[in-house]
Amino acid sequence: MKVAQFITEQLVQWGVSRVYGVAGDAIFAWLDTLGRQEKLEYIPCKHEAAAAMMASAEAKLTGRPAVCIATMGPGAINLLNGLADAYADHVPVIAITGHVETQKLGGGYKQYIPLEDVTRPITQYQATVVHPQAIGEVMHKAFVCAMHQKGVAHIAICKDVFERMTSAQIVPRLPRVASAVRPDRIEMEHAAELLLQSRRPILLLGIGARETAQSCLQLAEMLGAGILLTLGAKGILEDAHPLVLGGLGEGGSETALLALAEADLLVILGASWFPRAFLPKELAIVHVDTNPESIHAHPKLNSVTANLDDVLPLWLRRLESRRMDHAWEEQVERWHARFWEETQSITEQKADELVKPETLFHTLGKVVSEDAIIALDTGEHTIWFNRAFRGKAQVPLFSGKWRTMGFGLPAAIAAKLTYPKRQVVCITGDGGFQMNLAELMTAAEQQISFLLIVVNNGTLGLEQMKMVQAGFKPFGVRLNNPDFVLWAQACGVQGQVVENVSALEPQLRQGLNSGRLTLLDVRCTSPTLTERKKQIPFQAQA
């Protein structure tokens, strides 16, 4: 069979259901093959960066390899921003691009660039296919590397190779990627001793604790420990639980800082994020992670390299003999009440006022489905979401360590395509939305329905806030926005403006229940974010 057909059939065999991309002449032969079959869906995007963001978002949701495609030269280069997001957040994405004809490699031809060199900093594997017999081995290695190393693999295929015949054989299945880490009993027992000795513990849960959430909660209840949640862990446990004290960092709660000031041990479970500037200088730390690279250098940090599935049962057995410090548990519950009041007080507004972002997210938490996927763009609104949204079992989907603007809308599209029966909400700032404005047409073309909320305050709010905090006069951050509702209507999407607080909840409910792709242009106040670092009541880490 031809290489183009082989690629298609092999992707289907390995469970890939769709590819995201933009057409270009270096992949015409493959696009022709895709158009003649129905097992592998092609999602035509408006920009390659958005296509790569969609693949990254799908991989974050499923844990399985997702695929994006592009032509050579500028098409491949445009993928980089979305691929960097997958690389930074350690999710498996395969980028397959065209390349110049084999006889033009290394020459001064149009759109030629050494793609292996360009993609090397953000890929675990990169290869250029110049002979049709190599395609099977290269695809196999790309998928295995992306899965095993949890990252990006890039395959560049020369334009003329797609139409050539190959005798490569379809491989029915990929090798199993072992997820188990052999734990060290001494490490786990030493950490258990620290837990037994601790009188005032706090747990910090990250996205890696999602699969063991109930065991983590059981641990907290046995310890009477306060629970802090990273943005990725929001929805792992209900914010309403009396041991939950909010988040940590700029998106965290003031209550969390008060609790840390009194704590004698912080236990980090499933989080690679280490917010050094928000931790007391003398606080002892236990950090459990499967990847030793995620454990930070710290003189008071006790590391346990293991799966939570191995660690938590042992700890729970050991803690059966521990005497509960009810005074600490009661203090944690008082802090929880303070945290609850904190999120309530920041959202108190008059009915005719412009909506504050914190009010928007607090209200959204009342009306959104408990298992919704919430795709977040990057900006001031992301921090307000972390502070003000009262999570239940929702799944936040966001650009974590790369923190690229423009991620929200492509992520929402991928989420709805991947889980068509689940409620999806996209929250984007007016700046981030404009970076991928054309992808609204992609969503319309796919005939998918979700609620798109645009936080419209006419500025790059996070950049404005940071410039002010650094002592600069804000410059280059003001936005002259188009009429977003008119843009939505031009794409065949219904749109509405939310003018004030009184209209917010009814229009959110209407948009969520409409069964259609709906844009809400929420007219919000200027940036209102307070600097959390200034509220730290202790000497923080250097």
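The sulfur of cysteine 68 lies 9.1 Å from the closest cysteine sulfur, the one in cysteine 45, and therefore the two are too far apart for a bond. A disulfide here is a pair of cysteine sulfur atoms within 2.5 Å, and a search of the whole structure finds zero of them. Cysteine 426 is likewise in no disulfide: the nearest cysteine sulfur belongs to cysteine 491 and is 14 Å away. Cysteine 68 is buried, at 0% relative accessibility, and cysteine 426 is buried with a relative accessible area of 0%. Buried means under 20% relative accessible area, exposed means over 50%, and partly exposed is in between, using a 1.4 Å probe and protein chains only.

A word on what you are looking at: this is a predicted model, in which local features need pLDDT of at least 70 and side-chain atom pairs count only at pLDDT 80 or more, while totals for chains, interfaces and linings use all residues. Residues are numbered from 1 along each chain as its sequence is written, and side-chain values use heavy atoms, leaving out hydrogens and water.

Now let's turn to a sheet. Helices (H or I, at least four residues) and strands (E, at least two) are DSSP runs, numbered from the N terminus. Two strands pair if DSSP finds at least two bridges between them. Strands of a sheet pair through backbone hydrogen bonds, either parallel or antiparallel. Six strands form an open sheet with parallel pairing, in the order S13-S12-S14-S15-S17-S16. At its edges are strand S13 (395-397) and strand S16 (494-498), each pairing on one side only. From one strand to the next, the twist averages 20°. Within this sheet, strand S14 (residues 424-429) and strand S15 (residues 451-456) run parallel and are joined by five bridges. Look for glycine 429, which stands opposite valine 455 in S15.

Which helix packs on the sheet, touching S14 and S15? Helix H13 (residues 357-367) does, and its direction makes about 160° with that of S15. Such angles run from 0 to 180 degrees between N-to-C directions, with axes being lines fitted to C-alpha atoms, for helices over the stretch in contact. Helix H14 (residues 380-388) lies across strand S12 (373-376), S14 and S15, running at about 130° to S14.

H13 also has a helix partner. Its axis and that of helix H20 (residues 501-513) come within 10 Å and cross at roughly 50°, so H13 and H20 are oblique to each other. For such labels, angles under 35 degrees count as roughly parallel, over 145 as roughly antiparallel, 65 to 115 as roughly perpendicular and the rest as oblique.

Finally, visit strand S9 (residues 265-269), where five of five residues are buried. Leu265, Val267 and Leu269 point one way from S9, and Leu266 and Ile268 the other way. In a regular strand the side chains alternate between the two faces of the sheet. S9 pairs in the parallel sense with strand S7 (residues 201-205) over five bridges, and proline 201 has leucine 265 as its bridge partner. Five bridges also join S9 to strand S10 (residues 284-289), again running parallel; there, leucine 266 has isoleucine 285 as its partner.

Conventions: Contact means heavy atoms within 4.5 Å.
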